[in-house]
Amino acid sequence: PEKVRAAGAIDLLTIQKYMNFWFSSALDLFGSEISSNAASYFANGLKGRPDESLYEDHVANGEYAIDMPDAGSVKTENVAMRNAMNEVLRAAYIRDCENGVKRWNKIIEKGGIQFELRLPSSRFHRAVGLWSNVPTDPAGTPISAEAYAAMLTSWLPTLADQEFVQSLMQPVYEPGKVAAWIAPPDRGINALALEYEYVKL
């Protein structure tokens with residue numbers, strides 16, 4: 001059991017690296033933290049906030065606090081809410097992801113593995129916006145470019161990690177059998193047997 005738990009923790013380290021990579025990549029898709037285009041899109045009804053009914057001000061005339069790099073440190077500035085609409089949406093996405101990670105961690109804990117997955121800071125490994133190419137650690141603390149480069153293989157997937165994941169992705173075509181990298185379902189689709197030939201090859 002101890003070996004199994006140790007192996008599980010090692011695999012979770014790989015998962016953490018991929019989480020760091022894909023989460024930071026997804027955050028870039030929201031665009032720059034401060035955007036006149038976002039303001040224009042909101043004003044014209046082309047961009048909106050999730051759960052708009054929770055807001056009292058539906059024209060978004062207020063301000064929004066945004067963290068930004070400041071010569072190796074972090075400063076916070078208030079900007080017009082409409083101009084910060086990309087960041088408002090990004091923050092909502094982060095909260096949603098945090099809820100998912102909490103559920104995963106409960107499953108990991110239930111399996112007896114001492115490991116906790118964590119989302120990296122929204123400042124980490126960014127390629128778009130204020131934090132683009134600003135070296136930080138996964139907690140979002142600004143660090144030197146040299147320290148960032150030295151630790152990158154501990155934070156993001158390496159070629160060896162990619163090869164390991166690829167080695168797991170072995171296809172299974174036999175009806176009723178499930179590939180080793182996914183858990184078998186509790187039941188078949190539309191109450192059919194697991195052995196049912198869902199796809200004819």
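Select Asp28 and show its surroundings: leaving aside residues up to four places away in sequence, Asp28 touches His125, Arg126, Ala127 and Val128. Keep in mind as you click around that this is a predicted model.

**Stop 1**

Colour by secondary structure and you will find Asp28 in helix 1. Is Asp28 buried or exposed? Its relative accessible area is 13%, and because buried means under 20%, Asp28 counts as buried.

The side chains of Arg126 and Asp28 meet in a salt bridge, with 2.6 Å from N to O. Arg126 sits in the loop between helix 3 (85-110) and helix 4 (145-155), while Asp28 belongs to helix 1 (residues 2-28), so this pair ties together parts that are 98 residues apart in sequence. If your viewer draws polar contacts, look for the one of 2.6 Å joining the side chains of Asp28 and Arg126.

Asp28, Glu33 and Arg126 are linked in a network of salt bridges.

**Stop 1**

You'll find His125 in the loop between helix 3 and helix 4. Its relative accessibility is 23%, so His125 counts as partly exposed.

**Stop 2: the other salt bridges**

How many salt bridges are there by this rule? The count comes to eight.

- Select Arg49 and Glu52: they form a salt bridge whose closest N and O atoms are 2.7 Å apart. Arg49 counts as buried at 7% relative accessibility, whereas Glu52, at 22%, counts as partly exposed.
- Then go to Glu116 and Arg118, a salt bridge with its closest N and O atoms 3.3 Å apart. Arg118 has 56% relative accessibility and counts as exposed.

**Stop 3: the rings**

How many aromatic pairs does a search of the whole structure find? It finds seven. Start with Phe23 and Tyr93: this pair is stacked, at 6.3 Å centre to centre with 10 degrees between the planes. Phe23 lies in helix 1 and Tyr93 in helix 3, so the pair ties together parts that are 70 residues apart in sequence. With a relative accessible area of 5%, Phe23 is buried; Tyr93, at 30%, is partly exposed.

Phe30 and Tyr93 form a tilted pair, 5.3 Å centre to centre and 45 degrees between the planes. Distant parts of the chain are linked here too: Phe30 is in the loop between helix 1 and helix 2 (36-43), Tyr93 is in helix 3, and the two are 63 residues apart. Phe30 is partly exposed, with a relative accessible area of 23%. Show all three rings together, and you have Phe23, Phe30 and Tyr93 as one aromatic cluster.

**Stop 4: along helix 3**

Since Tyr93 has brought you to helix 3, follow that helix from end to end. Helix 3 has 26 residues, and from its first C-alpha to its last it reaches 38 Å, close to the 38 Å expected at 1.5 Å a residue. After helix 3 comes Gly112, whose phi is positive, near 80 degrees.

**Stop 5: the hairpin**

In which sense do strand 1 and strand 2 pair? Strand 1 (residues 63-70) and strand 2 (residues 73-80) run antiparallel, pairing over eight bridges. To find your place across the strands, pick Ala65, which stands opposite Asn78 in strand 2. Then move to the turn: the hairpin has two residues between its strands, and Ala71 takes a positive phi near 50 degrees.

**Last stop: Asn190**

Finish in the segment after helix 5 (159-168), where you'll find Asn190. Check its backbone first: phi is positive, about 55 degrees, although Asn190 is not a glycine. Then bring the surface back. Is Asn190 buried or exposed? Asn190 is exposed, with a relative accessible area of 70%.

Notes. Residues are numbered from 1 along each chain as its sequence is written. Side-chain values use heavy atoms; hydrogens and water are left out. Two strands pair if DSSP finds at least two bridges between them. Helices (H or I, at least four residues) and strands (E, at least two) are DSSP runs, numbered from the N terminus. A salt bridge is a side-chain nitrogen of Lys or Arg within 4 Å of a carboxyl oxygen of Asp or Glu. Buried means under 20% relative accessible area, exposed over 50%, partly exposed in between (1.4 Å probe, protein chains only). The expected span of a helix is 1.5 Å times one less than its number of residues. A polar contact is a pair of N or O atoms within 3.5 Å; within protein, one must be able to donate a hydrogen and the other to accept it, and residues adjacent in sequence count only if both atoms are side-chain atoms. Contact means heavy atoms within 4.5 Å. Rings of Phe, Tyr and Trp (its six-membered ring) pair if their centres lie within 6.5 Å; planes under 30 degrees apart count as stacked, over 60 as edge-to-face and the rest as tilted.
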